[in-house]
Amino acid sequence: MPRSVSRNSIVSVLRALGRTYDWTALNRLSEKRRSPFRTLIATILSQRTRDEITYEAARRLFARFRTPEKLARARKSEILPLIRACGFYRVKADTIRRVARLLVERHGGRVPETMDELTALPGVGRKTAGCVLVYGFAKDAIPVDTHVHRISNRLGWLRTKTPGETEITLQKIVPRRFWQRVNDLLVSHGRTVCRPIGPRCGACSVERWCAKAGVGN
Ligand code: SF4
């Protein structure tokens, strides 16, 4: 952590963002019925796909295939029309069927609760696994996507090159009681204000704590 950044300012940022944003669609989906299986499959569907599209596709899919067993037995041709709006939907149809089969074969039809077991599933990297831990199991983890990586660096909390480095550093500097909110809050902020190109610093609720590292004047 750069020397000038204190835990107090990190907490102030997270509290301010918490007052600003609702939980995202992915979060709404799991809040509605906190199911690790639904969170896992919805997170895979959400890759390179907008929240609203993910939400509707997941809703259609789970209305038809409620359990890992049912999804494992589904034909690809049955899944495709339900998730067609998602990016890379053909690949995702294969992936979620394979994941469902492995849940049945290796885990007794349940979603595993550890990072190592989750990342052993196809299509599941650390970010997706972290989302399952946070949104599916309410366990402490910090899923790091491009928004979390970019904004943590801009805020001056850290200076890292990869999401993996960012995850490790955030786990050291963010008080554990906030871990489950980091992804949701920074993703919301990244989509609306601290955008990849053209961050709206003048409209930002956390500007007073921000180093604006790498942001042009
Ligand atoms: S002040 Fe600008 S760079 Fe910093 S978090 Fe806000 S929008 Fe992002």
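The model is predicted, so local features need pLDDT of at least 70, side-chain atom pairs count only at pLDDT 80 or more, and totals for chains, interfaces and linings use all residues. Residues are numbered from 1 along each chain as its sequence is written, and side-chain values use heavy atoms, with hydrogens and water left out.

**Two domains**
- The protein chain splits into domain 1 (7–23 + 141–209) and domain 2 (35–136), with bounds that come from an automatic or database domain assignment.
- The C-alpha centres of domain 1 and domain 2 sit 26 Å apart.
- Ten residues of domain 1 are in contact with nine residues of domain 2 (contact means heavy atoms within 4.5 Å).

**The largest pocket**
- On a 1 Å grid over the protein atoms alone, a pocket is an open set of points with protein on both sides within 12 Å along at least five of seven lines, while a cavity is a set of points where a 1.4 Å probe fits but cannot get out; lining residues have an atom within 4 Å of a point.
- The largest pocket holds about 660 Å³ of space, a volume being the space filled by probe spheres set on the points.
- Its lining has 24 residues, and Ser 46, Lys 127, Asp 145, His 147 and Arg 191 lie nearest the centre.
- Two or more lining residues come from each of α4 (51–64), α9 (126–136), α10 (146–155), α11 (163–173) and α12 (179–192); helices are DSSP runs (H or I, at least four residues), numbered from the N terminus.
- Domain 1 and domain 2 each supply at least three residues to this lining.
- By class, the pocket lining has six nonpolar, eight polar and ten charged residues (Ala, Val, Leu, Ile, Met, Phe, Trp, Tyr, Cys and Pro count as nonpolar, Asp, Glu, Lys and Arg as charged, and the others, Gly among them, as polar).

**The cavity and its ligand**
- There's one cavity of 30 Å³ or more in the structure, and the largest cavity has about 100 Å³ of space.
- Of the 15 residues lining the largest cavity, His 189, Cys 194, Cys 201, Cys 204 and Cys 210 lie nearest its centre.
- The ligand sits in this largest cavity (more than half of its atoms lie within 2 Å of the grid points).
- Residues around the ligand (a heavy atom within 4 Å) include Arg 154, His 189, Cys 194, Cys 201, Cys 204 and Cys 210.
- That shell divides into eight nonpolar, one polar and three charged residues.
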